[in-house]
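Good morning, and thank you for coming.

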Amino acid sequence: MTQSLLIDGYEVVIGIEIHCQLNTATKIFSPASTEFGQEPNTQANIIDLAMPGVLPVLNAEVVEKAVKFGLGVNAQIGQMNAFDRKNYFYPDLPKGYQTSQMAHPIVGQGYIDILVNAGAKNEYTKRIGITRAHLEEDAGKSVHDAVPQMTGVDLNRAGTPLIEIVSEPDIRSADEAVAYVKTIHELVTWLGISDAIMAEGSFRADINVSVHKPNTPFGTRCELKNLNSFRFIERAIKSEIERQIDLIEDGGKVVQATRLYDPEKDETRAMRTKEEANDYRYFPCPDLLPVMISDESLQAIKDKMPELPSVRKERFVNELGLSAYDANVLNGSRELSDYFLAVVEKIGQANAKIGANWIMGDLLGSLNKNELTIDKSPINAERLAGLIARILDNTISGKIAKEVFNYLWESDKTADEIINEKGLKQETDTGAIEAIIKEVLAGNQAMVDEYKGGKEKAFNGLVGQVMKASKGKANPAQVNELLKKLIG
């Protein structure tokens, strides 16, 4: 299902270019390190600086990672791809050009399916076309200091390998844009080709936005540059849409330009007029031969591909009976998805939903509270599965299980060890539960009379009294059944 969205009578058209840093140890054309956070200008060698007489050498690892991405978005792979020079002047571009791919990119047309408004009533899926994805080197970084008013240039990032992912203009809202960027982010981390840490600049998006009245040609687009958080992407798009509509409604015209988003003012501002491809004077790079990917090499990469998140989500829904929302959450990262599968392997596919509930509820809640990722979880999949198994066989109740979970979090013991040590085993002996119920009924005649008079809440109160008297150990299902029987 897709949706047609209008904002104040205008249709929004969005295309996105994502710059994703590939997680190689060295740069795309030199042996310089790509490690983040080092002292400025300590990781740019003579190749990155284009010193006279040096020649670039392509890092073979970036080719394999780019091909993996192409396979992940169902794209055509350019088995013959080539590098070009993109010429422009900028202080942090030491060569005066950027080595990129224009005419023959490594990844051709493909697509990816996104889930928009996940978990909401207006949730829907949409297919977004991928125009291409090409390899290129990153530029350096301009560092602006307010005091003193100076701009420095850090060339550590110059030559870092990027894959630029270009979407078709298929996106029609800020929500769709965020869902698309999140889906690409999930994919590149799932494939292990990028750490995609947005705060470090290794995953950033340029958003092209235009508006037009339905059944009229597309409007003039403006590019929102270097957005590096999902929240800023959403806010920047909404701000730019509002700006363009207001401008048109006031009789003005949108001028094609590159703009920056100011989160403090929640507005975009002009950076420079937008260049066209011919402004960059592309031409084939004379220092690099075309890259030829053999059928055997392509097949070897295919053989190493993991199950894709889209395929696994479908399997979670169709085979394990999860909702699309649950499947989406549990596949938020490959590590989380693998953790869930490890739990299901122990408790059985028929109990996948209870496993999902414990992971999405208590486990993720505790991880978020303690600012931990799933790979740093104090409770591994085997120990969580052991806890769930004791719920399933009625050794403990759901309420007691939460107490056991807290002990699991603080220790390295198993659920069985904790249950035995703490005396938390659920009481299932019918005679013992009946004795407790009789005591409760004898001491709460008023509540009994209220229940017999038709007040259902009184019954819940009696159940609570029984559970309290049993110190939470009585089997809740047995309590309900025996209580109704003894009240008559």
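By cavity I mean, on a 1 Å grid over the protein atoms alone, a set of points where a 1.4 Å probe fits but cannot get out; a pocket is an open set with protein on both sides within 12 Å along at least five of seven lines, and lining residues have an atom within 4 Å of a point. Grid points are joined across faces, edges and corners, and a volume is the space filled by probe spheres set on the points.

The model is predicted: local features need pLDDT of at least 70 and side-chain atom pairs count only at pLDDT 80 or more, while totals for chains, interfaces and linings use all residues. Residues are numbered from 1 along each chain as its sequence is written, and side-chain values use heavy atoms, with hydrogens and water left out.

The search of the whole structure returns one cavity of 30 Å³ or more. The largest cavity holds about 50 Å³ of space. Its lining includes D48, K95, E137 and D138. By class, that lining has five nonpolar residues, one polar and four charged; here Ala, Val, Leu, Ile, Met, Phe, Trp, Tyr, Cys and Pro are nonpolar, Asp, Glu, Lys and Arg are charged, and the others, Gly among them, are polar.

Next, the second largest pocket, with about 1,300 Å³ of space. Of its 46 lining residues, K182, T183, E186, K313 and N328 are the closest to its centre. Helix 2 (174–190) is among the elements that supply at least two lining residues, and helix 2 gives the largest share, 11 residues. Helices (H or I, at least four residues) and strands (E, at least two) are DSSP runs, numbered from the N terminus. The lining comprises 21 nonpolar, 12 polar and 13 charged residues.

I turn to helix packing. Axes are lines fitted to C-alpha atoms, for helices over the stretch in contact, and angles run from 0 to 180 degrees between N-to-C directions. Helix 7 and helix 8 (residues 352–369) pack at about 135 degrees, their axes 9 Å apart. The two are therefore oblique to each other; angles under 35 degrees are roughly parallel, over 145 roughly antiparallel, 65 to 115 roughly perpendicular, and the rest oblique.

Finally, helix 12 (residues 430–443) and helix 15 (residues 476–487) have axes that come within 10 Å and cross at roughly 55 degrees. Helix 12 is therefore oblique to helix 15.
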